Structures are given as structure tokens and as C-alpha cells.
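Subject: The model you asked about, with notes

Hi,

Here is the structure for you to open alongside this email. My notes follow below it.

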Amino acid sequence: MAEPHDLTALEQAAAIARGELTSVDLVEHCLGRVAALGDTVGAFVTVTEDLARQAARAADAVPVDERGPLHGVPTAIKDLTLTAGVRTTFGSAAFVDFVPPVDADVVRFIKAAGLVSLGKTTTSELGCSLYSEGRVAPPARNPWQLAYTAGGSSGGAAAAVAAGLVPVAQGSDGGGSLRIPASLCGLVGYKPSRGVVSGGPLGSGAFGLPTSGPLGRTVADVAALLDVMAVPVPGEPYLSPPAPPGGYLAVARRAEPGPLRIGRFTTPMLADEPVHPDCVAAVDSAAALLTAAGHEVVEVPPPLTPAVWPLFEILWYVLALAPVPPQREAELLPLTRLMRARGAEISAGTLATTLGELQAQVRLGARRTAGVDLLLCPTLAAPQAPVGWFTADGDPAADFDRQRRFSPYCAIFNVTGDPSVSLPVGTTTDGLPVGVLLTGRYGDDARLIATAAQLENSSDGWDRHPAIWRAVDSANVNGDGVGWPAS
């Protein structure tokens with residue numbers, strides 16, 4: 001018999017609308033799972049039980065004809081995202097007691113749509129790494145195999161969704177931070193085009209690299225949450241591309257992108273790194289499904305090459321220079337301190353020159369791939385990584401380089417601003433998830449979502465669950481950090 005967490009986000013909302021469940025029912029069910037499994041998978045930094053129950057009661061009081069597609073559904077907010085009155089640590093001991101006075105725009109929209117946040121999900125410190133292992137919460141672990149990382153910086157969000165604690169979650173992506181955890185945990189992680197989702201009310205835009213986006217189990221759930229997030233806001237530094245008629249959910253449900261020319265490549269773009277055969281096999285599987293759906297898949301050169309890494313590296317160091325109270329700098333992790341030290345050495349002139357050179361490279365890359373509608377490549381160079389693997393030798397410089405080699409694809413599309421989604425097409429030989437990256441033209445999110453939905457349908461669906469999904473409480477989880485085989 002299906003449990004409430006077996007339902008997708010849209011199915012949960014439909015059950016609420018039919019009167020089969022209430023938002024209060026769902027929130028209590030999910031809070032119970034958070035209490036049982038949240039620390040095991042390292043999903044949450046802060047759980048807001050009382051606020052969630054209050055919001056669920058308010059959601060149930062809204063007339064049915066005033067409810068949207070995700071009304072009453074439990075969700076969670078990444079701990080990098082401002083939430084008024086709720087502790088927001090940015091994944092750092094330096095901010096362990098910080099409580100923002102305002103909500104981020106995206107949080108306002110999520111609340112207005114009637115979704116109910118259960119709390120703040122684990123992230124990497126200041127979003128600086130692709131794993132979520134800090135000092136303010138347990139490490140975010142992959143529910144498919146607890147010895148492995150759930151990734152970062154939206155690692156807690158991915159752990160929460162993959163373990164069935166919430167059906168969808170908000171995350172953000174400045175260099176792969178939604179797509180990397182999605183690939184590791186068998187989920188759909190969507191980075192919208194630059195400007196689709198507001199980054200306000202605070203912040204400078206961070207060179208256009210980061211954006212909030214949705215993470216979920218199906219393309220339709222992710223599209224529905226993107227509709228919630230994609231509200232134009234005056235004063236944003238980047239013009240919002242127009243949403244499609246009827247919204248992104250309608251596009252996902254139709255799943256009709258029309259015949260496309262799709263460029264395939266597997267050569268890494270940020271590192272000269274061998275690619276694991278399971279990652280290449282996942283791309284081959286996706287290419288075969290896309291071809292069977294009527295698309296032309298052709299080999300193309302990657303839009304950019306490892307030669308751009310020194311340019312991107314400079315931006316990443318500067319982005320680590322988020323304001324931190326001077327008296328708390330010593331509480332930052334070694335990697336964060338290294339990146340901030342290197343960022344402090346970069347002059348304004350060097351930064352301006354770097355931005356200009358990088359834009360020139362983006363133009364060249366766009367011309368190399370101008371003959372295709374979408375790009376298909378691996379999400380990662382390796383399918384999984386153990387918790388602690390990046391920091392194993394205690395050298396933050398080696399840690400940073402290891403991250404580059406593990407994820408040499410995603411960050412390029414933060415630089416270009418193109419929409420990009422990781423889809424759980426593949427599996428390893430022992431049944432762990434492997435993602436592929438599908439990337440569209442800037443502003444063409446609708447076509448990308450339609451193609452992703454079509455690929456999901458061609459795959460006969462990919463909403464699979466790890467065995468921890470059936471765990472009733474933390475006593476059912478192996479204490480040695482090893483998960484069960486896939487169900």
C-alpha cells in the first residue's frame with residue numbers, strides 16, 4: 001500500500017484537493033520521517049516543526065478554488081537562502097546564530113503558493129564546495145549508499161528528497177550545486193536560465209553564476225516548483241526570459257519539444273580528466289532514447305575546454321569573499337579560508353579583465369555549438385564519491401582541485417547562463433544513480449523541460465527509491481554507514 005511519501009509532489013497536492021489527505025496530515029507524516037532519518041542522511045540544519053504545523057493549518061483553510069498545483073505540499077529551503085525569523089547559517093559555524101530579518105524573494109513565492117517548509121537543508125559552507133560536510137550539521141549522505149556524499153552545495157536538499165522526507169525542495173546552483181546532488185542521488189535537478197528566478201532582495205547577482213532552482217523526483221514536479229519560483233521582480237540585474245503559455249508544468253505534461261538536433265560530447269570542459277565508463281554509458285543510453293524519440297543526436301566539440309579553468313577559478317575565489325564578521329573568520333573551514341585568501345589577492349583590474357576574457361570564450365563556445373538545439377553530456381566525471389573523500393589528505397588546495405576533476409561539466413553552464421538539468425538516466429553496475437546533463441539555449445527553458453519530460457517518459461519513468469525509503473525509524477538504518485541495495 002502506498003504511503004504518503006510515495007506520492008509525487010503533484011500527487012500529494014491532488015490528494016489534498018480531493019480531501020483524501022490534508023496538508024496537516026502530510027506535514028506530520030514528513031516530520032516523522034525527518035525525526036527518524038534526517039540526521040542519518042544529513043538533510044537538515046534546522047527543522048521548523050511549529051512553523052510547519054502552523055503553515056499547514058493555514059494551507060488547509062484556503063478554499064480549494066484558490067489553490068495552486070502544489071498547495072499544501074511539504075518542502076524545504078536551502079540553508080544558503082534567507083528565511084525571515086529562521087536561523088540561516090550559510091553552512092558555516094561563523095553564522096551559527098544568524099537569523100535573517102527578511103525572506104529571499106524565492107521563499108516569499110514558495111510560501112505564497114501554499115507550500116509548507118519543514119526547515120533549512122544542509123549545504124556546504126558559503127556554497128564553496130560540491131559536498132556538504134561542515135560543522136553545523138551532520139554530513140549530507142546519499143540515501144542510496146550512506147557511505148557516499150549527497151553532493152553540494154544543495155546536498156541536504158537532495159538527501160531530503162531522495163530519502164522521502166519531502167517530495168520537492170528549493171536549492172541553488174552557482175557551479176553545479178543542484179545538478180551534482182541530483183546526479184548522485186537519482187533526482188532531477190534544474191538550473192534555470194539566468195534571470196528566470198529572482199536572486200533578491202539582497203546580493204549583487206554574483207556575476208550571474210548562481211540561481212535558485214527546483215529539485216525533485218520527476219520532471220513534472222520540478223516544472224511545477226519552477227512555476228512557483230519564476231516570478232519576475234522589478235530591479236533584478238538580469239532580464240527574466242518570458243515563461244511559456246500555461247507555465248512550465250503545462251510544457252512538461254505535454255512533453256512535445258518537436259524534432260531537435262542534439263549535440264553530444266563526453267570530453268570534460270574544466271579538467272583533462274578520464275571519464276568513468278558508467279557516466280559515458282548513461283550518455284549513450286540517453287542518446288539512444290532521444291534518437292528513438294525522433295531527434296537527431298550528433299557528436300560536437302565541447303563548447304569550452306580546460307583552458308578556461310584559470311578564468312573561472314578567479315571568479316570562484318572572489319565569490320568566496322562573502323561578508324564574514326572578522327572575529328569569526330577563524331571558524332571557517334580550511335577550504336573556505338584558502339579560497340577567501342586567494343580571492344583577496346585578486347585586483348579589481350584582474351577581475352574585470354577575467355570577466356571580459358571569459359565572455360569572449362563563451363561567445364566562441366556558442367559559435368562552436370550553434371548548429372544544435374540542446375547539448376547532452378555527463379553530469380560528472382565519476383558516478384559517486386565517499387563522504388570525506390575530497391578532504392581526505394587535509395590539503396584544501398588538493399580538495400579544490402579534486403572537486404574540479406570530479407565535476408568538469410556543470411559550472412560552464414553557470415558561466416553561459418544557459419538552462420541545464422541533470423536527469424537520472426543511468427545506473428552503476430551496482431545500481432547507484434548516474435545522471436546526464438541536458439542543456440538548452442539561453443531563455444529556452446520550455447524546450448529543455450519538454451525534452452526532459454519526453455526522455456523521462458521514454459525511460460518508463462525514473463522515480464526509483466533507495467531501500468532507506470522504507471525505513472520506519474533510525475533503528476532500521478545500518479549503523480555502519482552502508483546503505484541497502486536499490487529497491
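A quick word on terms before the overview: helices (H or I, at least four residues) and strands (E, at least two) are DSSP runs, numbered from the N terminus. Keep in mind that this is a predicted model, where local features need pLDDT of at least 70 and side-chain atom pairs count only at pLDDT 80 or more, while totals for chains, interfaces and linings use all residues. Residues are numbered from 1 along each chain as its sequence is written, and side-chain values use heavy atoms, with hydrogens and water left out.

According to UniProt (an unreviewed entry), residues 25–448 carry the annotation "domain: Amidase". UniProt positions are in the numbering used here, feature names are shortened, and annotations may be inferred rather than shown by experiment. Over that stretch, residues 25–448, the chain is 35% helix and 16% strand, with the end C-alpha atoms 35 Å apart.

Two strands count as paired if DSSP finds at least two bridges between them. On that basis there is an open sheet of 8 strands, in the order 6-8-7-12-13-11-9-10, with mixed pairing. Its edges are strand 6 (168–173) and strand 10 (296–299); each has a single partner strand, so one side of each is left without a neighbour in the sheet. On average, neighbouring strands here are turned by 30° against each other, direction ignored. (For angles, axes are lines fitted to C-alpha atoms, for helices over the stretch in contact, and values run from 0 to 180 degrees between N-to-C directions.)

Helix 7 (residues 219–229) touches strand 6, strand 7, strand 8 and strand 12, and its direction makes about 150° with that of strand 8. Helix 9 (residues 277–292) touches strand 9, strand 10, strand 11, strand 12 and strand 13 (433–439), with its direction at about 55° to that of strand 13.

Strand 7 (residues 188–191) is worth a look. Val188 and Tyr190 point one way from it, Gly189 and Lys191 point the other way, and all are buried. Buried here is under 20% relative accessible area, exposed is over 50%, and partly exposed is in between (1.4 Å probe, protein chains only). Strand 7 runs antiparallel to strand 8 (residues 211–216), joined by 2 bridges, and Val188 has Gly216 as its bridge partner there. With strand 12 (residues 420–427), strand 7 pairs in the antiparallel sense over 3 bridges, and Tyr190 stands opposite Val421.

Thr379 is found in the loop between strand 11 and helix 13. Leaving aside neighbours within four places in sequence, its contacts are Arg179, Ser183, Tyr409, Cys410, Ser422, Gly435, Val436 and Leu437.

Rings and charges

Rings of Phe, Tyr and Trp (its six-membered ring) pair if their centres lie within 6.5 Å; planes under 30 degrees apart count as stacked, over 60 as edge-to-face and the rest as tilted. That rule gives 12 aromatic pairs. In one of them, Trp389 and Phe406 have ring centres 6.2 Å apart and planes at 55°, so the pair is tilted. Trp389 lies in the loop between strand 11 and helix 13 (396–406) and Phe406 in helix 13, so the pair ties together parts that are 17 residues apart in sequence. Trp389 is partly exposed, at 34% relative accessibility, whereas Phe406 is buried at 4%. Ring pairs also link Trp309, Phe312, Trp316, Tyr317 and Phe400 into a cluster.

A charge sits over a ring if NZ of Lys or CZ of Arg is within 6 Å of the ring centre and within 35 degrees of the ring normal. Arg402 does this over the face of Trp389, at 4.5 Å from the ring centre, and Arg194 over the ring of Tyr238, 5.7 Å from its centre.

The three-stranded sheet

Another open sheet has 3 strands in the order 1-3-2, with mixed pairing. Strand 2 and strand 3 (residues 116–121) pair in the parallel sense over 4 bridges, with Lys78 opposite Thr121.

Cheers

Notes: Contact means heavy atoms within 4.5 Å.
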